[in-house]
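Here is a walk through one protein model. Keep the sequence and the 3D view side by side as you read.

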Amino acid sequence: MFDRLPEYPWQQLKPYSALAAKHPGGAVDLSIGSPIDPTPAVVQQAIISSANAPGYPSTAGSLAFRNAVVEWFERRRGVTGLTEANIMPTIGSKELISFLPLFLGLGPLDAVVQPKAAYTAYAVGAALAGAQIVSEDDPELWPANAKLIWINSPGNPDGKVLDVEFLRKAVAKARSIGALLASDECYAELGWDGKWATEVIPSILDPRVTDGDISGLLCVYSLSKQSNLAGYRAAFAAGPADLVKAIVNLRMHSGMITPLPVQNAVVAALGDEAHVLAEKELYRDRRAVLLAAVREYGFEVSSSEAGLYLWATLGEDCWVTVQRMAELGIVVVPGSFYGDFSPNHVRFSITATDANIAEAAKRLRDAVSLR
Ligand SMILES: Cc1ncc(COP(=O)(O)O)c(C=O)c1O
């Protein structure tokens, strides 16, 4: 009855966390991308001021919420032409990702496409709907029975950014198949390398991608990472008004409503760029410290030009690397958690305190000096 999904994969990491905890300095857990810095004061104040919320909130989102998202898309992402009819709140992004195939009415004859190295919720959504899951990055190879195609830029786990040229190809192919192209973009404010250090990471709704036509496209965004709001479940999606209206209708029926205090917190968070930029500087430093040590240890780091992870390989089976790191008291995630195509990679998260990142870097360096 409950066999559509296996046990939550993180359970398999428990023995390695236990091994890492035996390190004299304790475990440094770099496995989960859960923010650790405080929720910005401006956002905390907004939720406190909204504590009196006796009535049901709007499933479609308050007008203030939707207008704040429209304004943010234009100001931070260069996406023009949206109105409040294009926006809906979600309860974090993960629930929307996991339930979208059900909302779309997909079944066994339909395929959901995900990246080859993929955040786990895309496949969960396909499994809950009983749809097929296909892992394919190349738009030319997306199957004709695809009804929902997930792209993820910057990517989790690989930190890869998809440029305008790729996104245009993806849009054209998805439209030719008649599939909804959904783009998961929650790391978009966290570009590090190459042109992404300075250029805006393009949204699927960017006019350079869409030429002004957003039909068949859905952008999924979360404030969990950029504003340390994972605990609030604060997120939204944007797409064509008829699609948004249809999904909101199903969410209304099923009670998937973002609490009004959280909607108000999102308005405050989107209106304040300073905390996002300050948080980015913290991550920039942590990333630099960890990246140098990971490379010194001998890892080859792939992509990772944006986002909160280092996607790295020693050229061996990922579980051997997980064990190797656990012996140093560091917990990392095996590439096998993200599909069948990354058997030799592991993921390091940079969402740890400065002290823990420094400690992980020291342990990696000490291991090198003992070789
Ligand atoms: C690629 C990607 N999408 C979506 C999410 C979900 O974020 P949330 O449910 O906290 O909004 C995450 C979280 O790690 C993620 O990495």
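Helix 10 and helix 12 (residues 354–369) pack at an angle of about 15 degrees, and their axes lie 9 Å apart. That makes helix 10 roughly parallel to helix 12. Roughly parallel covers angles under 35 degrees; over 145 is roughly antiparallel, 65 to 115 roughly perpendicular, and the rest oblique. Axes are lines fitted to C-alpha atoms, for helices over the stretch in contact, and angles run from 0 to 180 degrees between N-to-C directions. Helices (H or I, at least four residues) and strands (E, at least two) are DSSP runs, numbered from the N terminus.

This is a predicted model: local features need pLDDT of at least 70, side-chain atom pairs count only at pLDDT 80 or more, and totals for chains, interfaces and linings use all residues. Residue numbers start from 1 along each chain as its sequence is written.

Which residues of helix 10 meet helix 12? Among them are Val289, Leu290 and Ala293 in helix 10, with Ile357, Ala361 and Leu364 among those in helix 12. Contact here means C-beta atoms, placed from the backbone, within 7 Å. By class, this contact has 12 nonpolar, no polar and four charged residues. Ala, Val, Leu, Ile, Met, Phe, Trp, Tyr, Cys and Pro count as nonpolar, Asp, Glu, Lys and Arg as charged, and the others, Gly among them, as polar.

Strands pair if DSSP finds at least two bridges between them. Two bridges join strand 12 to strand 13 (residues 345–349). Pro334 stands opposite Val346 in strand 13.

Next, turn to helix 9 (residues 260–270). Helix 3 (residues 63–77) packs with helix 9 at an angle of about 25 degrees, with axes 9 Å apart. That makes the two roughly parallel. The contact has eight nonpolar, one polar and no charged residues.

Helix 2 (residues 41–49) packs with helix 9 at about 150 degrees, with axes 8 Å apart. That makes helix 2 roughly antiparallel to helix 9. Val43 and Ile47 of helix 2 take part, as do Pro261 and Ala268 of helix 9. This contact has nine nonpolar, one polar and no charged residues.

Some backbone details come next. Most residues other than glycine have a negative phi, and most peptide bonds are trans. A cis bond joins Ser153 and Pro154, with omega about -10 degrees. Another cis bond joins Asn156 and Pro157, with omega about 15 degrees. Pro154 lies in the loop between strand 5 (146–152) and helix 6 (164–177), and Pro157 lies in the loop between strand 5 and helix 6. Asp211 is not a glycine, yet has a positive phi of about 50 degrees.

Notes: Contact = placed C-beta atoms within 7 Å.
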